[in-house]
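Please open the model in your viewer and keep the sequence panel at hand.

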Amino acid sequence: MTSRDAHFMSQAVRIARRGLGLAWPNPAVGAVVVAPDGEIVGRGWTAPGGRPHAEAIALERAGQRAEGSTLYVTLEPCNHEGGRGAPCSSVIIAAKVSRVVVGIRDPDPRTAGSGVERLRAAGIEVTEGVEAAQAASVTLGHLMRVTEGRPAVTLKLAVGSDGRIPQGDGEPVWTTGPLARAHGHLLRAMNDAILVGRGTIAADNPSLTCRLPGMSCRSPVRVVMDRWLRTPPTATLFEDVMVPVWLLCAAGEPQPNADLLHDHGAEIVSVPVDDLGMIDPQDALETLAHRGITRVLIEGGPSIAEAFVGADLVDEAVIYQSPNPVGEGGLMPFGGEGLDRLAESGHFTFIATRRFGPDRMTRWRRIRSCSLELSAA
């Protein structure tokens, strides 16, 4: 890997992020076409809904200047017919590029190295594994969905200086300031779905949309774990009919409210339950993955946080902490446990911190996330 390759792959990773939250069920991919003199002649990222792919967009923008160029792409070009255009390997060969630089291979069995092999068979030089960690981070949801059958999961919590969560009383209660909350809305925009429990609906009555200026269209699918479908049809969730609401309920149990909630815009999704009759977090995530979801943001209360952390299903945790205490009426973030749960679990490592006015954000990453050996062949 040369510094030039690293530079252009980093650019491809940055533009791939533009597709986060929009590209599902396909991965968010970035592509950059670079002429022999070093000029970027085409850029592309996966379009909303997953098509067209980043490579096709970048090469179309490059036009005739793509011939003899180098294509940088974060994920191995697909090599299967998708019913909506030729595979990217065919598009690249037809564009007559001379070299392709790939961040990571695609574990999808429909490609899984065959895209790279086809390019090499056509006489195109291929370099793999450039900035693989960066490329894998932006594609993690796809990697998890293919290799582990579930989406990537980010847990978001907002706590006071005492580590407690404020209790809602039928409407949202905030402990952090507007800058931290705005960043939380950006997280929503970068995920395919946002998941809470029915208790959060009862306590806070949230809308769960992205309310950043001009970004309402980036609101994720709103998912509520509600095994007996007791979400009230008057909930704020149902006021925005443009953003889907999926209610995950217990399979095999009577659901007398199903038709009423469906009439108010909810999609009812049955999920298997465990031996105690509870919706199993793993089954919930597998159900979402089957529906095309690659990235989930969990914003539920302590019970939901504890369930997913306890099942080792959280890949990243984002904690916003106010300088002010919530007080004795606040809730511990993980059932009866505090934030030390992350550090003491042995499953997470601290990776970053950032300030939003008086509030502090910390990020924690799961130590054993998806098999990133897939990133370099």
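Which residues of helix α11 (residues 302-310) are buried? Select the helix and colour Pro-302, Ile-304, Ala-305, Phe-308 and Val-309, which are its buried residues; buried means under 20% relative accessible area, exposed over 50%, and partly exposed in between (1.4 Å probe, protein chains only). These residues lie on the same side of α11, because they cover an arc of only 165 degrees around the axis, the arc being that of the directions from the helix axis to the C-beta atoms. Helices (H or I, at least four residues) and strands (E, at least two) are DSSP runs, numbered from the N terminus.

This is a predicted model, in which local features need pLDDT of at least 70, side-chain atom pairs count only at pLDDT 80 or more, and totals for chains, interfaces and linings use all residues. Residues are numbered from 1 along each chain as its sequence is written, and side-chain values use heavy atoms, with hydrogens and water left out.

Next, select Asp-312, which follows α11 and has a positive phi, near 55 degrees.

**The sheet**

Now display the open sheet of five strands, whose order is β2-β1-β3-β4-β5, with mixed pairing; two strands pair if DSSP finds at least two bridges between them. β2 (40-45) and β5 (125-128) stand at the edges with a single partner strand each, so one side of each is left without a neighbour in the sheet. From one strand to the next, the twist averages 15 degrees.

Select β1 (residues 30-34), which runs antiparallel to β3 and is joined to that strand by four bridges. Val-32 is found opposite Tyr-72 in β3. Helix α1 (residues 3-16) packs on the sheet, where it touches β1, β2, β3 and β4, and its direction makes about 140 degrees with that of β1. Contact means heavy atoms within 4.5 Å. Axes are lines fitted to C-alpha atoms, for helices over the stretch in contact, and angles run from 0 to 180 degrees between N-to-C directions. α2 also packs on the sheet, touching β1, β2 and β3, with its direction at about 150 degrees to that of β2.

Turn next to β1 and β2, an antiparallel pair joined by five bridges. Gly-30 has Trp-45 of β2 as its bridge partner. The hairpin of these strands has five residues between them, and there Gly-38 takes a positive phi near 95 degrees.

**Helices α2 and α3**

Select α3 (residues 88-95), in which Cys-88, Ser-89, Ile-92 and Ala-95 are buried. They are on the same side of α3, because the arc that they cover around the axis is only 130 degrees. The elements covering these buried residues include α2 (54-62), β3 (70-75), β4 (99-104) and α4 (114-121). Lys-96 follows α3 and has a positive phi, near 65 degrees.

The contact involves Glu-55, Ala-56 and Leu-59 of α2 together with Cys-88, Val-91, Ile-92 and Ala-95 of α3.

**A final stop**

Where does Glu-328 lie? Select the loop between β12 (316-321) and α12 (340-344), which contains this residue. Glu-328 is exposed, with a relative accessible area of 71%. Glu-328 and Val-269 are 59 residues apart in sequence and 37 Å apart in space, C-alpha to C-alpha.
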